[in-house]
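Visitor: I would like to learn how to read the features of a protein model. Please take me through this one step by step.

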Amino acid sequence: MIEKIKFHIVYLLFISITISGYSQTITGSEENEESKELGIKADSLKINDGPYVFIENDVLIEKSIIDGKVFSKELPLDAYRIEFTPEESTYEDVENIVVLSDIHGQFDLAIEILKNNRIIDNNLNWNFGNGHLVIVGDIFDRGPKVTETLWFVYHLEKQALESGGKVHFTLGNHEYMILHKDLRYLNSKYRVTSYLLKTNYTDLFNNQTVLGRWLRSKPTVLKINKDTYVHGGLSKAFLSLGYNIENVNKLMRESIDISKEELKATSFYDNYYRSSGPIWYRGYFNDNLPNSEIKEILRLIKSKHIIVGHCSNEEVVQLYNEKIFGVDSSIKNGIYGEVLLINGKEYVRGTMEGKKESFKIESTNID
């Protein structure tokens, strides 16, 4: 009897959906058993999201959600770039660099910060000449505008290259969480997206999607001039395994399409994905490391500074006499955030309003 009732509920829902070759609509007055189980209210179904571009044989399928309607259309393969070369790990002779991290779906605030610091113009176009913009991980999770942020960075990359500049996006722990189906911090909007598109959220970024392939081209560790950029940090324990930046990036890319369960059965997971690994390490902020250990870490990676995200502060901070810079300025809260501005040997904070400020006494607020 219960199964019959469920069948009739699903059937009634099905016939209430307007179907055409182009769109699929779920109205605000309708909830089925699946949406209830996911904790999705009917009036929350009217969202806007996308596009998500799927690579299918000799065509692309672009899907967008507008006011709760799923619009799908076929495009030729050349409508989007579908092949991505893994990004290089090291760059030299870069004079101007701006750095931020942990945007976490707070697109509007990130845009405000970048505009006010003259990295982009009022039309969201590249305005930083031959400079380099580095995003040190964690675009995903928490906030409601992850997709907008991803496409913004995707398009800004091309504009930067045309001006002789470069946009870098190193993957953080939340990128790897999403890619391995860990959705604990997923904004509720994207649960609705998954429901409407009838797929697991992770599969929107698999290897048969444009954004998924693009993400797989990104590094975990980056070196520009004499500075190393990594979301969590490089611990002495991790470096003791033997450090080669190209190898780290190669292994992390390869790990994306290995299931979390398989990874956990290996020492690789313990070394790369746990608390001493590059995407989760918090030791610079938590462990009160001696200066001698910081100097040894820098010696091993042949760097003068390490720039990290992951540990939240009220502003961009410096630690260990400016050997470590923390650029997670709590943009994720949607209220305030900063960038690190590097011009030659000068390292300063760029405030949300676009002012340059020297560094204050170190402070940490671990999140």
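Visitor: Which residues in α4 are buried?

Guide: Two notes come before the answer. The model is predicted, so local features need pLDDT of at least 70 and side-chain atom pairs count only at pLDDT 80 or more, while totals for chains, interfaces and linings use all residues. Residues are numbered from 1 along each chain as its sequence is written, and side-chain values use heavy atoms, with hydrogens and water left out. Buried means under 20% relative accessible area, exposed over 50%, and partly exposed in between (1.4 Å probe, protein chains only). Helices (H or I, at least four residues) and strands (E, at least two) are DSSP runs, numbered from the N terminus. In α4, the buried residues are Val146, Thr147, Thr149, Leu150, Trp151, Phe152, Val153, Tyr154, Leu156, Glu157 and Ala160.

Visitor: What do the buried residues of α4 pack against?

Guide: Contact means heavy atoms within 4.5 Å. The buried residues of α4 pack against β2 (49–56), α3 (107–116), β7 (132–136), β8, α6 (188–197) and α7 (210–216).

Visitor: How many residues does α4 have, and how far does the helix reach?

Guide: The expected span of a helix is 1.5 Å times one less than its number of residues. With 17 residues, α4 reaches 25 Å from its first C-alpha to its last, close to the expected 24 Å. After α4 comes Gly164, which has a positive phi, near 85°.

Visitor: Is Val53 buried or exposed?

Guide: Val53 counts as buried because its relative accessibility is 4%. This residue is found in strand β2. Neighbours within four places in sequence aside, Val53 is in contact with residues including Tyr80, Trp151 and Val210. Tyr80 is 27 residues from Val53 along the chain, yet their C-alpha atoms are separated by 8.4 Å.

Visitor: Which way do the residues of strand β11 point?

Guide: In a regular strand the side chains alternate between the two faces of the sheet. In β11 (residues 305–308), His305 and Ile307 point one way, Ile306 and Val308 point the other way, and all are buried.

Visitor: What is the order of the strands in the open sheet of six strands?

Guide: Two strands pair if DSSP finds at least two bridges between them. The order is β5-β9-β10-β11-β13-β12, and the pairing is mixed. At the edges are β5 (90–91) and β12 (317–319), each of which pairs on one side only. Strands β10 (residues 227–230) and β11 run parallel and are joined by three bridges; here Tyr229 stands opposite Ile307. Three bridges also join β11 to β13 (residues 324–326), again parallel, with Val308 opposite Gly326. By contrast, β12 and β13 run antiparallel, with three bridges, and Val317 has Gly326 as its bridge partner.

Visitor: Which residues lie nearest the centre of the largest pocket?

Guide: On a 1 Å grid over the protein atoms alone, a pocket is an open set of points where a 1.4 Å probe fits, with protein on both sides within 12 Å along at least five of seven lines; lining residues have an atom within 4 Å of a point. Of the 14 lining residues, Arg81, Phe84, Glu157, Leu161 and Trp214 lie nearest the centre of the largest pocket. The largest share of this lining, five residues, comes from α4.
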